[in-house]
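Please keep the viewer open beside this text and follow the selections in the order given. Each stop says what to select and then what is found there.

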Amino acid sequence: MVLVSGSGTNLQALIDASADPAYGARIVAVGADRDGIEGLARAERAGITTFVDRVADHPDRAAWDASLAETVAAHAPDLVVLAGFMKLAGPAFLARFGGRTVNTHPALSPAFPGMHGPRDALEYGVKVTGATLFVVDAGVDTGPIVAQVAVPVAEDDDAASLHERIKTHERAMLVEWVGRLAREPWTIDGRRIRFHPKEQ
Ligand code: GRF
């Protein structure tokens, strides 16, 4: 299951990877918190079931959160991937899918959490930033880290060019590690992700 809010290039990378049965993961559905986005169109073109659950269609955020958890549960996913999903997972969602929901962030956590990772890294003046895949918890980009990739900042970067360079690496990281999370047993030990090789 993949949740998106925007252009869905990370989703597209997962769609392409999962076309190979050896990848080990299949996308059971794609959900969004808004209509008319390219992410949903990508899923539809790939023949994947989609749904939209908008905050505005509920009395409050808590009701939306509970509804989203219900809808996701109906698809019985093993893993939920937030791929450019611009909403925080709420308590009802985490009660059901905590520990098996991952998100990708365009910065090297714990630096530059939040909505503007590339811009904040650029303004701080770091020379290396990157992307982080992490298991979602109740904080903003704070959960246990699954993988990170470093990306150099160019002298003439603006936030958009830096974000685009990060996204190229972010997509490759996402594909590699979501595949691994799907194929191999793993547990969370404190803040560390531990993979457990299967008995031969
Ligand atoms: C990614 O960089 C993601 O980390 C961030 O928003 C971007 C989404 O891109 N939160 P896309 O929709 O997958 O193209």
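Predicted model: local features only at pLDDT ≥ 70, side-chain atom pairs only at ≥ 80, totals over all residues.

**Between the domains**

Across the boundary, 16 residues of domain 1 are in contact with 15 residues of domain 2, a contact being a pair of residues whose C-beta atoms, placed from the backbone, lie within 7 Å. On the side of domain 1 that touches domain 2, the elements giving two or more residues are α1 and β4 (80-82), and α1 gives the most, with 5 residues. Helices (H or I, at least four residues) and strands (E, at least two) are DSSP runs, numbered from the N terminus. The residues on this side of domain 1 divide into 12 nonpolar, 4 polar and no charged; here Ala, Val, Leu, Ile, Met, Phe, Trp, Tyr, Cys and Pro count as nonpolar, Asp, Glu, Lys and Arg as charged, and the others, Gly among them, as polar.

**The core**

Next, select V2, V4, L14, V81, L82, A83 and V102, which touch the most other members of the largest nonpolar core, a set of 44 residues. Such a core consists of buried Ala, Val, Leu, Ile, Met, Phe, Trp, Tyr and Cys residues joined through C-beta atoms within 7 Å. Helix α6 gives the most to this core, with 6 residues, and the core lies between domain 1 and domain 2, because both give residues to it. Centre the view on L14: not counting residues up to four places away in sequence, L14 touches V2, I27, V81, A83, L174, V175 and V178.

**The ligand shell**

Now select the ligand and the 14 residues that surround it, of which G6, S7, T9, N10 and G84 are the closest; a residue belongs here if its C-beta atom, placed from the backbone, lies within 6 Å of the molecule. Elements α1 (9-18), β5 (101-105) and α6 (159-183) each supply at least two residues of this shell, and α1 gives the most, with 3 residues. The shell divides into 3 nonpolar, 9 polar and 2 charged residues.

UniProt, in an unreviewed entry, places a "binding site" feature at G8, T9 and N10; its positions are given in the numbering used here, feature names are shortened, and annotations may be inferred rather than shown by experiment. Are T9 and N10 buried or exposed? T9, in helix α1, counts as partly exposed, with 18 C-beta neighbours inside 10 Å, whereas N10 is buried, with 26 other C-beta atoms within 10 Å. The cut-offs are 20 or more other C-beta atoms within 10 Å for buried, 12 or fewer for exposed, and in between for partly exposed. Leaving aside neighbours within four places in sequence, T9 is in contact with K167 and R171, while N10 touches A83, G84, T104, E170, R171 and L174.

Note on methods
Residues numbered from 1 in each chain as written. Domains from an automatic or database assignment. Contact = placed C-beta atoms within 7 Å.
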